[in-house]
Amino acid sequence: MDDWYVDERCFNCDVARQLAPDLIGEADGRSQILRPPRGEKETRDLHAAVFACPTRSIRPFSGRPDQRLDPFPMALDSGVLLCGHNSKHTAGANSYLLLRPSRTVMMIDTPRWSRELAERYAAVGPITDVLLTHRDHAAHGRRYADHFGARLWIHEGDLDAAPDADQVMRGLEPLEISEGVTAHPLPGHTQGSVLYLADDRYCFSGDSFYWSRTTGDLEVAESVTWYSIEELASSLARAAGRLRFEWVLPGHGDRRRLPADEMSSAVTALVRRVCQPAVLRGRPPQRMPFSLRMRARSLRSAARTSR
């Protein structure tokens, strides 16, 4: 609207709407500008959406976006930054930088690849590990790990998506991968899905569950649970008692921070709903807000890119 528009390349990944929900909405299967920004904060929010968009679809009619307003990596909390610059090869998934007390950094999933971006992320601190939550987000893992001299992690259930991973997690038991950081295998969305828990504060949930703007609650997305919703229910029930955190930081869907006790209650309620038969859950299956057609195309592209 007015000076901004969303072009036809948009594949409805929801990233822009997460970052500027008052300015960008959804219509006819893609994002649209609701109104121009008012004031400095909304201008910053819009540019965050611009520079996160995986297809660079949000554009001004006149000129180019102001490169000086690229906020990424952008701090979400004292220990986590959002990478931005989402990749179309991961269906626009979010990725994060986790800061460690040793002044090192871990990357959880990956943004689009470029050397300039890699150097920008490395400026935050030495990146020791690239942690993949599952196969859908593996596209640029090897390139980033090699650039940083970091270890690339994936679970054996999704190993074919990153066969040259340096560290392969096996089985279903939690694995402490560094002090304060634990991997919890969570098969369901994919066979090798993993959740990373850090410092009893941050939960990097991949595509296993997310915060829904629609319901104001934690949700799973049955429509993109590729492996087994029943397996995901079992995984959540097995892990729930071990999961204590304040932030849910998913690949797709909204982020949310709550007091740890409230988040624990939300996890318990989620397990109860997902473990019930669909007809008894009391709400319709939740649709994660991105195109399934684009999602399938992204999986094929990711497989090619990771080779």
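Predicted model: local features only at pLDDT ≥ 70, side-chain atom pairs only at ≥ 80, totals over all residues.

Q: What is a salt bridge, and how many does the count come to?

A: A salt bridge is a side-chain nitrogen of Lys or Arg within 4 Å of a carboxyl oxygen of Asp or Glu. By this rule the count comes to 26. Glu40 and Arg44 both lie in helix H2, four residues apart, about one turn of the helix. Helices (H or I, at least four residues) and strands (E, at least two) are DSSP runs, numbered from the N terminus.

Q: Which parts of the chain does the salt bridge of Asp14 and Arg213 link?

A: The closest N and O atoms of Asp14 and Arg213 are 2.7 Å apart. Asp14 is in the loop between strand E1 (4-6) and helix H1 (15-19), and Arg213 is in the loop between strand E16 (210-212) and strand E17 (217-219), 199 residues apart. Asp14 is buried, with a relative accessible area of 2%, whereas Arg213 is partly exposed at 41%.

Q: Where do Asp217 and Arg273 lie?

A: Asp217 is in strand E17 and Arg273 in helix H6 (residues 260-275), 56 residues apart. Their side chains meet in a salt bridge (3.4 Å, N to O). Asp217 is buried at 17%, and Arg273 is buried at 12%. Salt bridges that share partners also join Asp14, Arg17, Glu26, Arg213 and Asp254 into one network.

Q: How is an aromatic pair described?

A: A pair of aromatic rings is described by the distance of the centres and the angle of the planes. Rings of Phe, Tyr and Trp (its six-membered ring) pair if their centres lie within 6.5 Å; planes under 30 degrees apart count as stacked, over 60 as edge-to-face and the rest as tilted. The count here comes to five aromatic pairs. Tyr121 and Tyr144 have ring centres 6.3 Å apart and planes at 50°, so the pair is tilted. Tyr121 is in helix H3 (residues 115-122) and Tyr144 in helix H4 (residues 141-148), 23 residues apart. Ring pairs link Trp113, Tyr121, Tyr144 and Phe148 into a cluster.

Q: What is a nonpolar core?

A: In soluble globular proteins, nonpolar side chains tend to be buried together. A nonpolar core is a set of buried Ala, Val, Leu, Ile, Met, Phe, Trp, Tyr and Cys residues joined through side-chain atoms within 4.5 Å. The largest one has 40 residues, and those with the most contacts inside it are Ile24, Ile58, Leu98, Tyr196 and Phe204. Helix H2 (residues 39-52) supplies the largest share of this core, six residues.

Q: In which order do the strands of the open sheet run?

A: Six strands form the open sheet, in the order E12-E13-E14-E15-E18-E19, with mixed pairing. Two strands pair if DSSP finds at least two bridges between them. The edge strands, E12 (175-178) and E19 (256-257), each pair on one side only.

Key: Residues numbered from 1 in each chain as written. Heavy atoms only, no water. Buried < 20%, exposed > 50% of the residue type's maximum accessible area, 1.4 Å probe, protein only.
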